[in-house]
Amino acid sequence: DFEEWRAQVGEWRQRFPIARFVLAAGFATPLLKPLSVRSFIIHIYGKETGGKTAAGKLALSVWGDPDAMLGTWFATRVGLERKASLFANLPILIDELRAEGRNRADFFETVPFLLAGQTSKLRGERGGGLETPKHWCTIFISTGEEALTSFSALGGFRARVLEIYGAPFGDVEEAARVHRFVSQHYGLAGSKFIEKLCQAPTSWLREELHDIFAWLKREDPSLVQSVGAHTLWNISVVALADYLASMWIWGIPEREAKEQAIALALHIARLCAEEGEPKEYWLRCAEDFASEVFRHPDKFPPLREAGLTTTVEVLGAYEIWGVWKEKENLLWIFPTALRDILKRLNYDYKRVLREWEAQGVISKEEGHYTVRRRIGGKVQRVIEIQWDIVAQHLKLQGDSFSAVPGEPREEYPF
């Protein structure tokens, strides 16, 4: 029933701004091609449950059965390509990005570029020749526990992904209501929106889009710097769709509809600005590793107390993971222990070593990342971590760490 859908969804869009923005993204997809806007990704993330998937399904309900249209990040590149080409100009929901995805870091580092590129990868056919390229122009709505940009430090990645941290519906109960509702009411608003869109001159749509973008820059000039002009433009596109849906689906007067859309866009842009630039891979790893060190100070005794016999004995019994050389503020960690810690934290061991060396966190000796150091009367191979450098970078990121794991934390003078 369209009237029931309009009434209930109208109530939700007035109460929950993130959900309203995602819903507007569902309406925005057929606007992209006539307005010459490239595909992009809206990623809603956060550890808490509060309706991230429900918001995505609400956007899909504009066009069809959200349960049938739903996809996940646990797919192949080819699978996502084919889904994108099938949906073409309709929204695509890619659900459930989890921390475990770091095991497929190369996948998450490249697929967003592929999706935003709007064209399938060039492939040959078995019988010779090339496959016909597949195309799409849409908005990908993604959800997960982790920020999508945390999987890549590649240039241009952030311009293709608009990230919002938060719970769209606030609590589990409200989200459950959304899931139940959209499983019964869907596919009713899209055709009405298209009917109106076909009557709207493209020149007018372009003027309104530029006007919204200009209005956002006037209202808060800092947004261009904090979120980037490209992201602000994409937010403006979604705001335009919200403006049109307010008039064409909910019957809100033009001026009020536009004011609501701009207020929504400002709210979302400021949420994006609060997130700031994503941390680089090596720094995220250093932060997580430091937290692990501080949670297990007994695994890193001072060198004078280590009393080691052999690395094999120590690691076999999991007595310690390394030692602390206090005078020089160095952390010596056994390679096997570091490999296990990074695996548990879902980081790539070889990549971390390369990037830590580039940042001066560790150094090579005779071409090896491991260095020979005397521990407990024996020469052992360890990875030597310059803790002053780690502490300085983490302090600059707003964290407070002591010079020695396990001791009271001291403030660094920088």
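Let's start with Asn329: at 9% relative accessibility, this residue counts as buried. Buried here means under 20% relative accessible area, exposed means over 50%, and partly exposed is in between, using a 1.4 Å probe and protein chains only. Asn329 sits in the loop between β6 (322-325) and β7 (330-333). Its phi is near 60°, a positive value in a residue other than glycine. Most residues other than glycine have a negative phi.

Now some ground rules. This is a predicted model, where local features need pLDDT of at least 70 and side-chain atom pairs count only at pLDDT 80 or more, while totals for chains, interfaces and linings use all residues. Residues are numbered from 1 along each chain as its sequence is written, and side-chain values use heavy atoms, with hydrogens and water left out. Helices (H or I, at least four residues) and strands (E, at least two) are DSSP runs, numbered from the N terminus.

Ala88 is found in the loop between α5 (77-87) and β3 (92-97). With a relative accessible area of 21%, Ala88 is partly exposed.

Next, confidence. pLDDT is the predictor's confidence in each residue, from 0 to 100. The protein averages 82. Of the residues, 82% score at least 70. Among the elements, helix α9 (residues 189-199) has the highest mean pLDDT, 96. The lowest mean, 45, belongs to helix α15 (residues 311-317). Over residues 309-318 the pLDDT is below 50, and this stretch has 16 contacts in the model beyond near neighbours in sequence. Contact means heavy atoms within 4.5 Å. Residues 396-414 also stay under 50. For them the model has 42 contacts beyond four places in sequence.

On to helix packing. How do α14 and α16 pack? Helix α14 (residues 281-295) and helix α16 (residues 335-344) meet at an angle of about 110°, with axes 11 Å apart. Axes are lines fitted to C-alpha atoms, for helices over the stretch in contact, and angles run from 0 to 180 degrees between N-to-C directions. So α14 and α16 are roughly perpendicular to each other. The cut-offs: under 35 degrees is roughly parallel, over 145 roughly antiparallel, 65 to 115 roughly perpendicular, and the rest oblique.

Who makes the contact? From α14 come Cys285, Phe289 and Glu292; from α16 come Leu338, Ile341, Leu342 and Arg344. By class, that is five nonpolar, no polar and two charged residues. For the classes, Ala, Val, Leu, Ile, Met, Phe, Trp, Tyr, Cys and Pro count as nonpolar, Asp, Glu, Lys and Arg as charged, and the others, Gly among them, as polar.

Stay with Glu292 for a moment. Glu292 lies in helix α14. Glu292 counts as buried, at 5% relative accessibility. Leaving out residues up to four places away in sequence, Glu292 touches Trp321, Ile341, Arg344 and Leu345.

Helix α16 has another partner. The axes of α16 and helix α17 (residues 349-358) come within 10 Å and cross at roughly 110°. That makes α16 roughly perpendicular to α17. Pro335, Leu338, Arg339 and Leu342 in α16 meet Tyr349, Val352, Leu353 and Trp356 in α17. This contact divides into seven nonpolar, no polar and one charged residue.

Last stop, helix α3 (residues 52-60). Nine of its nine residues are buried, so α3 is largely enclosed by the rest of the structure. Among them are Lys52 and Lys57.
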